[in-house]
Amino acid sequence: MTGRALLLALFWLLAGTAQSAVVTFRGDALEDFNGLRTDRLEVAAYRDGELRSVRHQWLAWSQRGWPYFSEDDDSRRAGETNRVGPRDRLLVDDADGGERLLSPGEEVIGELALDDGGQASYFYVLMRPPFQGFTPPVTLERDDDGDPLSLRTADYRLAFLDGNLFQWGDFSYRHYRAPDGNPQQTLLDSLKLRLSAGVFSEDARLTLTNENLDPQIQQIIEGPLATLVYATTRVRVAGLRVLTVHNHFVLMEDRLAIHSRFALPGIAATVLRDPRARVSVDGHDLQGARLRTSWTGEREAVVDGRLSDTERAMLRRPVPAENWLRFDTGRGFALLARLHFAEGFDTGARLIYQDDPDLEETPERFPGQHPNVGFEMDRIPFGENFYFLAELYFSDKNYVSED
């Protein structure tokens with residue numbers, strides 16, 4: 001089984017039978033619709049003897065592999081604006097699928113089949129204006145100045161500190177059950193971002209954290225299944241801008257994805273050595289939670305305030321190009337994380353796993369790492385756009401039993 005197939009299989013497990021999941025059609029599945037206007041295409045399912053409009057969303061995609069935003073001057077897409085392009089995506093909710101329509105009418109121009117290994121369901125593309133009455137599942141709350149305050153869906157709420165998309169505050173999940181039976185204030189301490197490099201030598205390293213990042217929202221696209229945000233982040237050192245990071249957020253009811261790209265100036269190679277990037281999430285008091293990955297076999301990490309020999313062995317294994325890690329509290333909250341790089345870069349990646357109540361690693365709101373989990377990337381090129389995608393999927397599916 002390929003890494004992509006493993007990820008898909010695990011995702012279906014993580015979603016659970018009681019939850020629906022947004023799925024993506026792309027490539028050959030949409031070939032017949034290339035060039036057609038999206039405002040004249042409806043998506044429907046055949047149920048109870050009739051075609052019924054379903055939630056769907058066309059995502060314009062750039063030629064180089066990230067979401068397309070008109071405000072992103074470096075982003076290009078094949079095809080015209082508001083028409084289906086060859087790299088575009090179509091989102092649907094698997095729970096909205098219906099029966100197969102044996103005798104489609106003239107307005108039906110395409111059939112899309114979804115099969116998760118069980119009974120297939122079907123969606124139909126019709127040549128008619130789409131229904132506009134679906135409510136977006138994601139709410140991005142903003143203050144009077146336009147700064148983000150929180151991200152909210154039916155299942156979770158993520159607060160932002162100081163109106164900064166990279167300064168994560170409290171994270172609550174509707175299905176989580178705290179050990180003492182009381183609602184937990186937050187499952188999250190912070191998001192930790194690091195950009196580091198040696199200055200003239202690898203030993204004298206300069207490290208930039210979230211505190212050096214000031215993302216500015218450039219464009220927001222709201223839809224019935226996803227909200228997309230484009231932000232640019234100017235990285236400053238001693239008041240001087242050293243690079244600009246472009247971030248594309250794709251926010252859904254049970255997941256979020258962050259596309260990031262930046263270019264280290266070629267001239268920086270004369271000064272900087274061994275540039276690295278780190279992205280991790282620090283949990284808040286998640287004792288007993290367990291971690292497994294796609295590349296460390298049957299090994300399992302357990303949050304208990306120390307590193308075991310098994311966990312040290314997991315840290316020594318390099319992260320492959322196709323990867324996932326699963327973090328499960330066993331109390332109604334689990335997440336699946338994945339890191340993806342653009343093709344053509346010889347990027348190395350390692351697992352970050354810190355489980356220490358006394359270890360300080362700022363920025364953080366609560367002392368210690370309980371645990372801090374993520375990835376570290378090296379061999380970042382100079383003078384080229386470096387791209388990576390970090391994805392998080394949330395679920396109430398438990399893989400371990402409660403105490």
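Four cavities of 30 Å³ or more turn up in this predicted model. A cavity here is a set of points, on a 1 Å grid over the protein atoms alone, where a 1.4 Å probe fits but cannot get out. Grid points are joined across faces, edges and corners, and a volume is the space filled by probe spheres set on the points. As for ground rules, the model being predicted, local features need pLDDT of at least 70 and side-chain atom pairs count only at pLDDT 80 or more, while totals for chains, interfaces and linings use all residues. Residues are numbered from 1 along each chain as its sequence is written, and side-chain values use heavy atoms, with hydrogens and water left out.

The largest cavity comes to about 680 Å³. Its lining (residues with an atom within 4 Å of a point) runs to 44 residues, with Trp168, Leu191, Val279, Ser280 and Val281 nearest the centre. Sorted by class, the lining holds 32 nonpolar, seven polar and five charged residues. Nonpolar covers Ala, Val, Leu, Ile, Met, Phe, Trp, Tyr, Cys and Pro, charged covers Asp, Glu, Lys and Arg, and the others, Gly among them, are polar.

The second largest cavity has a volume of about 80 Å³. Among the residues lining it are Leu140, Phe160, Trp168, Phe249 and Ile258. Strand 10 (156-160), strand 16 (240-252) and strand 17 (255-263) are the elements that give two or more residues to this lining.

A pocket is an open set of points with protein on both sides within 12 Å along at least five of seven lines, and the second largest pocket holds about 730 Å³. Of its 28 lining residues, Thr38, Gln57, Trp58, Asn82 and Ile221 lie nearest its centre. Strand 4 (56-59) and strand 14 (213-222) each supply at least two lining residues, and strand 4 has the largest share with four. By class, this pocket's lining has 13 nonpolar, ten polar and five charged residues.

On the sheet side, four strands form an open, antiparallel sheet in the order 3-2-7-6, with strands counted as paired if DSSP finds at least two bridges between them. Strand 3 (50-53) and strand 6 (108-114) sit at the edges with a single partner strand each, so one side of each has no neighbour in the sheet. Strand 2 (residues 41-47) is joined to strand 3 by four bridges, and arginine 47 stands opposite glutamate 50 in strand 3.
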